[in-house]
Amino acid sequence: MDELVDILDEQGNPTGQSCLKSEAHRKGLLHPTIHVWLYTQDGKVLIQQRGKYKDTHPLLWDVSVAGHVASGENIPLAAVREVQEEVGLTISEADLEPIGTFKAIHKISDDFIDAELHHLFLCELKVPITALTKQDSEVDDLALIPLFKFAEETWGLANAAKYVPHGPTYYKTIVKEIKSRI
């Protein structure tokens, strides 16, 4: 789905300009996204397998919920909306714990440069995974895995090819932030 997104400068500040997401990707323009990591108190993290028809990293395992922030949209509200859309979970802004931002640029092809400023959130998952409903067009599968296994596979690089290549620094940040809350 193509939607309007706001364009950011190199420091992540709004430029006052917006364009279609497809144009931002074609031109490599930095734009905001959200990443929500859902975790349980017993030390598990929810990961999603990206849909097979996704433009980027199809069928790789990724953040619990991710999505673009629509032009003019409040970032925490975008996170609440995306959680509802992708996994069918109703949360509120108060459930989100912001843990920072992470700039990522992935050159998919000569005419597709995904330049995103990820706004990172944690959110405790208080329902069983069976209570979640995946958005079939975006998500192929959901899994709850132990945090230590997730750490080993991502920044321990034991099975890094299974995951979207956010890099060890990104994954290390997520693991440390979740670990400090359980």
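## The largest pocket

The largest pocket of this predicted model has a volume of about 830 Å³. A pocket here is an open set of points on a 1 Å grid over the protein atoms alone, where a 1.4 Å probe fits, with protein on both sides within 12 Å along at least five of seven lines. The volume is the space filled by probe spheres set on the points.

The lining has 35 residues, and the closest to the pocket's centre are Lys21, Arg50, Lys54, His68 and Glu138; lining residues have an atom within 4 Å of a point. By class, five are nonpolar, 14 polar and 16 charged. Asp, Glu, Lys and Arg count as charged, Ala, Val, Leu, Ile, Met, Phe, Trp, Tyr, Cys and Pro as nonpolar, and the others, Gly among them, as polar.

## Helices H3 and H4

Helix H3 (residues 147-154) packs against helix H4 (residues 168-179) at an angle of about 165°, and their axes are 10 Å apart. H3 is therefore roughly antiparallel to H4, a term for angles over 145 degrees. Helices are DSSP runs (H or I) of at least four residues.

On the H3 side, the contact (heavy atoms within 4.5 Å) is made by Leu147, Phe150, Ala151 and Thr154. H4 gives Tyr171, Ile174, Val175, Ile178 and Lys179. Seven residues of this contact are nonpolar, one is polar and one is charged.

Most residues other than glycine have a negative phi. Histidine 57 has a positive phi, near 50°, and leucine 59 has a positive phi of about 65°. Histidine 57 is found in the loop between E4 and strand E5 (61-62), and leucine 59 also lies in the loop between E4 and E5. Strands (E) are DSSP runs of at least two residues.

## About the model

In this predicted model, local features need pLDDT of at least 70 and side-chain atom pairs count only at pLDDT 80 or more, while totals for chains, interfaces and linings use all residues. Residues are numbered from 1 along each chain as its sequence is written, and side-chain values use heavy atoms, with hydrogens and water left out.

Terms used:
Axes are lines fitted to C-alpha atoms, for helices over the stretch in contact, and angles run from 0 to 180 degrees between N-to-C directions. Angles under 35 degrees count as roughly parallel, over 145 as roughly antiparallel, 65 to 115 as roughly perpendicular and the rest as oblique.
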